[in-house]
Amino acid sequence: MNKVIKSIFLFCLCIPGVGFSQSSEDLAREIFIDDVAKKESADLKELFDEQREDFIKLYEPLYGVSEVSPEIVAMEEQLYMDVVSSNVFKFDPKELEELLVNNIVSMLTFEELLELREINQRPVFKKLDRINEVTMKATQLHMDAWQKDNLKLIEYFVERNERKLMRLEELIELRKKDRDKSGL
């Protein structure tokens, strides 16, 4: 009877370990792949999907142009089909996630991942996430303003250069007229 109780006790101890055990990959995903990273990845996919569509449109065959030889039409169609079937601008967020997780798992032991998860759940580290978010937004706002300021400066300098070139053309034309009047 004692043996039966010990067996049942050991069995009961093993069940939670099996049911709740996490792999290193699961831990890495939990620690490093948060909702923000998933959203950024989804946004990136959407951006690349749009770029892919635009790129494919560049290679759509030009039907209705009667001057184009059948050979050129066939080349255009083949090129278009090749572009459509290619991986140009195809982005798979899961593939990127797997790459990231595999790199993390190769650098950290299971125990280190457990320790990181514990540290990551502390309030001070949660504040770091918020600080990072605020810093990234502030940086983006600053870069947007910087870009707008630079565009204004570039437009200003281009405009000044155009005025200078127009004035130079006027002066060259005046000198030419003066030379023509003086008979040179």
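User: What is the mean pLDDT of the protein, and what percentage of its residues reach 70 or more?

Analyst: pLDDT is the predictor's confidence in each residue, from 0 to 100; here the mean is 84, and 88% of the residues reach 70 or more. This is a predicted model, in which local features need pLDDT of at least 70 and side-chain atom pairs count only at pLDDT 80 or more, while totals for chains, interfaces and linings use all residues. Residues are numbered from 1 along each chain as its sequence is written, and side-chain values use heavy atoms, with hydrogens and water left out.

User: How do I read a pocket, and what space lies in the largest pocket?

Analyst: Rolling a probe the size of a water molecule over the atoms shows where empty space is left. On a 1 Å grid over the protein atoms alone, with a 1.4 Å probe, a pocket is an open set of points with protein on both sides within 12 Å along at least five of seven lines, and lining residues have an atom within 4 Å of a point. A volume is the space filled by probe spheres set on the points, which are joined across faces, edges and corners. The largest pocket holds about 720 Å³ of space. Of the 21 residues that line the largest pocket, D34, V36, A37, D129 and N132 are the closest to its centre. Helix α7 gives the most to this lining, with 7 residues.

User: What space lies in the second largest pocket, and which elements each supply at least two residues of its lining?

Analyst: About 210 Å³ lies in the second largest pocket, and α3 and α5 each supply at least two residues of its lining. Among the lining residues are I33, A37 and E97.

User: Is E97 buried or exposed?

Analyst: Buried means under 20% relative accessible area, exposed over 50%, and partly exposed in between (1.4 Å probe, protein chains only). E97 counts as buried because its relative accessibility is 11%. E97 lies in helix α5 (residues 93–107) and, leaving aside neighbours within four places in sequence, is in contact with R29 and I33.

Technical notes:
Helix = DSSP H or I, 4+ residues; strand = E, 2+ residues; numbered from the N terminus. Contact = heavy atoms within 4.5 Å.
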